[in-house]
Amino acid sequence: MSNDRTIVKPVLWYFLLLTLVPAVSEHWAFLAFPPGPAFRLEPAWEGAYGAAAIVVFLLFLWWGERRRLVFSAFVLTLFTLYSYGGAPSLDRIISFIAYSALFGIALEFYRQNRPLYHELKASGAGLGRILLRAALLWSPMLIFVAVGIALNHVIVEATTNAVYGTALIDRHCVIRDDPGKPVIRCANLGRRLLRDQLEPLALEENVAVHVERTFHFWRTKALEGLSGLSLDGLDRKKALEEVRALTEALKPVNMFGLEAPEARPRPTYLNDPRLRAIDRQRQVVDRQLEDCRRLLFAFANPVCDRLRKESARLLRDRNSRASALHKQEQERIRTEREKDPVKAYREDLYRVLARISPAGEFLGMWRDLDARFGGKEPPREEMRASIKVAVIRFMYSAEPRTRSVMSAMLKRNPDAAYEAGV
């Protein structure tokens, strides 16, 4: 019986510690000081849970049996959940281990020094001598703890700087510090950035740089090509050919090398045999109903009433069948998107960016030329300068639109955006 109890109690303590898992997640701060404050007591229930978690953990340190084994199993569970579920945060787990060790050392310091305190007290020694002897006894451990805290601080600072160095977010450092939430330092170390804003802002900045460099490359390439264009033989027909080539080259879908999505097959419900049979029956019934309505007093004819009811029934059957097949088609598309999210992401991006075209700028350019020269052939230098202006005007209007489209797509599907390389 005693063996059963010695096995059951550690298991019970382990399951009780599992209630602390949310306390070391990304949205909670329990024994996890860096890089922000330790506790966030915004709502009352959050404060109550934090207090309960601390009480449970202290009771475990005080009364728990086989504490090392249970605590090791619990920490292994945290790392497993972090690897597969993503619920606990890695920095919280490491800080939890570090500060748990401090709590354990403090508890053992108290428990093991009580006999020494009573012995020295009985000998009539003063409180100063008692504290001195205790400090001498625990000085190696205190040195070890101090070194550990300093090392932990250095690791946290190095990790923060390394994480920040991967993102181009310095312009967003104007965001003010929230003293109740953990933050990450900006490059100038003077202002702060919220941790939950790091990833989306980094993505937006990476996209902004990518779009800016791409548009700059194509703007330079287009203007260099126009500057090197010979004016000999440059007439309206030759200029229109240049404009057609530029219109295709300057479309964002072609700038970023996005391939047009393959044409999807027509929805299956349009070719469904049962649906086509219902449509044929409806055509026959509707013709009979038209013939019936030509008769005198058709509204009182019971044959017309039966045909009208039959037509309504067939219409309901058709709508029901089409709705069911439409749902099947939507489910098929959803399954395809789940199997290949990158393909779906690029197809959606292509469709949205394909709407951004320089055709409007070039059309306005020709209207301006016709208005200035009365429909006559404009001078060659005027045509080339107008084309350059249209290119620059389109670039500076299309770049922010393209950036906003890509940012919106990132927010909708960031995982696929990572894989797609935008």
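Is F60 buried or exposed? I looked it up in the predicted model, where local features need pLDDT of at least 70, side-chain atom pairs count only at pLDDT 80 or more, and totals for chains, interfaces and linings use all residues. Residues are numbered from 1 along each chain as its sequence is written, and side-chain values use heavy atoms, with hydrogens and water left out.

**Entry 1: F60 and the aromatic rings**

I find F60 buried, at 1% relative accessibility. My cut-offs are under 20% relative accessible area for buried, over 50% for exposed and partly exposed in between, with a 1.4 Å probe and protein chains only. F57 is buried as well, with a relative accessible area of 2%.

I count 10 aromatic pairs in the structure. Rings of Phe, Tyr and Trp (its six-membered ring) pair if their centres lie within 6.5 Å; planes under 30 degrees apart are stacked, over 60 edge-to-face, and the rest tilted. F57 and F60 make a tilted pair, with 6.5 Å centre to centre and 35 degrees between the planes. The two are 3 residues apart in helix α2 (residues 44-63), so about one helical turn separates them. Helices here are DSSP runs (H or I, at least four residues), numbered from the N terminus. I also note one aromatic cluster formed by W13, F57, F60, F71, F74, F96 and F103.

**Entry 2: E65**

I place E65 in the loop between α2 and α3 (67-84). E65 is partly exposed, with a relative accessible area of 30%. Leaving out residues up to four places away in sequence, E65 touches T6, K9, P10, W13 and V70; contact means heavy atoms within 4.5 Å.

**Entry 3: α12 against α13**

I looked up helix α12 (residues 359-373) and helix α13 (residues 380-412): their axes come within 9 Å and cross at roughly 145 degrees. Axes are lines fitted to C-alpha atoms over the stretch in contact, and angles run from 0 to 180 degrees between N-to-C directions. On the α12 side the contact residues include W366 and F373, and on the α13 side they include I387 and F394. By class, this contact has 10 nonpolar, 2 polar and 4 charged residues. Ala, Val, Leu, Ile, Met, Phe, Trp, Tyr, Cys and Pro count as nonpolar, Asp, Glu, Lys and Arg as charged, and the others, Gly among them, as polar.

**Entry 4: S407**

I find S407 in helix α13, buried at 11% relative accessibility. Not counting residues up to four places away in sequence, S407 touches E204 and V207.
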